[in-house]
Amino acid sequence: MISNFKKILLNSSILAGTIIGAGIFSLPYVFNKAGFLISAVYLVILAAAFIFLYLLYADTVLMTPLKHRFVGESRMYLGLFGYGTAILTAVAGMVLVLTVYLILSPSFINLIFAKSVNNHFLALIIFWLFGSLGILLGMRAIGFEEVLMSVGIVLIVAVLFFLGIDQFKWVAFTKWQPSYFFLPYGPLLFALAGRVAIPEITRRFNKTPQDRCLLKKSIIFGVILSVIVYLAFVLAVTGLSGGSTGTTADAVSGLLNILSREVLVILGVLGVFTLLSSYIIIGLNVKEILRFDFKIPKWLSTLSVVLAPILLYLIGLRHFLPLVSFIGGVFIALEGVLIILMWRQSSKIRGTVLFSHLPKFLLYILLVIFSLGIVYQIAFL
């Protein structure tokens with residue numbers, strides 16, 4: 001019993017650690033603008049959708065012979081269309097995520113130096129240089145970056161929650177603003193994305209009935225844990241910021257004149273370290289896809305990954321929340337559609353081990369949730 005509990009705790013923590021990332025910093029602003037009730041309903045519905053989605057993907061991984069990456073699985077089950085779409089979501093989506101980290105980095109650097117780095121662009125360039133150096137050198141030797149990254153985020157949430165929860169007031173936070181009704185969709189999709197952890201978790205289990213049950217619980221608890229952390233962060237930042245008027249789009253820059261110098265430095269160091277670790281990990285993943293799927297030479301794939309985010313920033317992708325919304329509403333949603341279609345095809349060919357019976361209407365509901373979001377996000381660019 002204890003060993004099973006440890007297994008669930010470990011694997012749900014891996015999933016939660018992968019899910020919790022830069023998207024968390026968009027949520028206080030989104031919740032304040034759209035209203036807590038609407039945003040919370042969005043969070044619950046989308047969290048349930050992602051639980052089903054990750055279970056579908058875990059089932060696909062279990063039933064697929066040998067080891068394949070997401071791109072390879074898409075080609076196996078969906079042909080060239082699936083392959084091309086997976087490449088698009090993997091490469092273009094992750095390059096845009098790197099740009100999000102660039103945009104967010106000056107906010108944390110300014111926490112450390114208390115705005116002594118007045119040049120926003122200079123702070124961004126410093127972060128980009130260190131991140132690019134990590135990608136150039138392939139700095140992935142420590143092997144537990146994801147764990148450190150998630151610990152950094154959780155520590156940030158814990159510090160802010162401890163400081164801000166007693167200052168929280170529901171009155172200004174619960175107002176519903178109809179004009180922002182669709183605002184939570186994209187950012188929440190971005191914040192709940194953690195597909196890359198599923199193969200690692202799934203391969204820790206076998207196809208026995210007991211392990212299937214443990215795998216399901218790990219996925220469910222991993223998503224729920226992420227939701228709890230997100231809600232704690234939203235409440236803490238809103239409390240510290242004094243309500244909706246003080247909450248900024250990146251969550252942290254509005255805290256500069258509120259927290260003590262010591263706390264700002266701690267949050268800044270944790271934030272920069274976490275963002276830098278994520279930046280290098282994602283950059284190396286894109287580099288591998290370019291090398292092994294596109295057969296691009298190593299030097300050119302490295303150069304592409306290093307230059308693409310800063311070039312996107314320079315041509316005008318400089319706003320944190322709109323970019324997070326676009327990535328979530330288009331690329332993460334598109335990835336969700338691919339997973340559903342892959343599971344449908346793999347279950348026809350090889351059967352299923354995690355689902356004795358899955359009503360078709362659930363698949364259709366998931367397809368509607370992700371597909372309509374793509375249409376809406378593109379239509380209102």
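Is Arg 195 buried or exposed, and what about Glu 335? Arg 195 is buried, and Glu 335 is buried too. Buried here means under 20% relative accessible area, exposed means over 50%, and partly exposed is what falls in between (1.4 Å probe, protein chains only).

## Before we start

What you're looking at is a predicted model, where local features need pLDDT of at least 70 and side-chain atom pairs count only at pLDDT 80 or more, while totals for chains, interfaces and linings use all residues. Residues are numbered from 1 along each chain as its sequence is written, and side-chain values use heavy atoms, with hydrogens and water left out.

Let's begin with Arg 195. You'll find this residue in the loop between helix H7 (185-192) and helix H8 (198-202). Helices here are DSSP runs (H or I, at least four residues), numbered from the N terminus. Arg 195 has a relative accessibility of 13%, so it counts as buried.

Arg 195 pairs up with Glu 335 in a salt bridge, with the closest N and O atoms 3.1 Å apart.

For a charge to sit over a ring, NZ of Lys or CZ of Arg must be within 6 Å of the ring centre and within 35 degrees of the ring normal. Another case is Arg 75, which lies over the face of Tyr 83 at 4.6 Å from the ring centre. Leaving aside neighbours within four places in sequence, Arg 195 is in contact (heavy atoms within 4.5 Å) with Tyr 54, Tyr 57, Phe 70, Glu 335 and Ile 339.

## A look at Tyr 54

Tyr 54, one of those contacts of Arg 195, lies in helix H3 (residues 36-63). Tyr 54 is buried, with a relative accessible area of 1%. Not counting residues up to four places away in sequence, the residues that Tyr 54 touches include Leu 15, Ile 19, Leu 192, Ile 219 and Val 223.

## The other salt bridges

How many salt bridges does the structure hold? There are 3. One of them joins Lys 7 to Asp 211, with the closest N and O atoms 3.5 Å apart. Here again distant parts of the chain are linked: Lys 7 is in helix H1 (residues 2-19) and Asp 211 is in helix H9 (residues 209-241), 204 residues apart. Lys 7 is partly exposed at 26% relative accessible area, whereas Asp 211 is buried at 8%.

Glu 200 and Arg 204 form a salt bridge as well, with the closest N and O atoms 3.3 Å apart. Glu 200 is partly exposed, at 42% relative accessibility, and Arg 204 is partly exposed, with a relative accessible area of 35%.

## Rings that pair up

The structure holds 13 aromatic pairs. Rings of Phe, Tyr and Trp (its six-membered ring) pair if their centres lie within 6.5 Å; planes under 30 degrees apart count as stacked, over 60 as edge-to-face and the rest as tilted. Phe 31 and Phe 36 have ring centres 5.9 Å apart and planes at 55°, so this pair is tilted. Both Phe 31 and Phe 36 are buried.

Trp 343 and Phe 355 make an edge-to-face pair, 5.8 Å centre to centre and with 80° between the planes. Trp 343 is in helix H12 (residues 320-350), and Phe 355 is in the loop between H12 and helix H13 (360-379), 12 residues apart. Trp 343 is buried at 7% relative accessible area, and Phe 355 is buried at 11%. Elsewhere, ring pairs link Tyr 42, Phe 181, Phe 182 and Tyr 376 into a cluster.

## One backbone detail

Ala 251 is found in the loop between H9 and helix H10 (261-292). Its phi is near 75°, a positive value in a residue other than glycine. Ala 251 is buried, with a relative accessible area of 0%.

Note on methods. Helix = DSSP H or I, 4+ residues; strand = E, 2+ residues; numbered from the N terminus. Salt bridge = Lys/Arg side-chain N within 4 Å of Asp/Glu carboxyl O.
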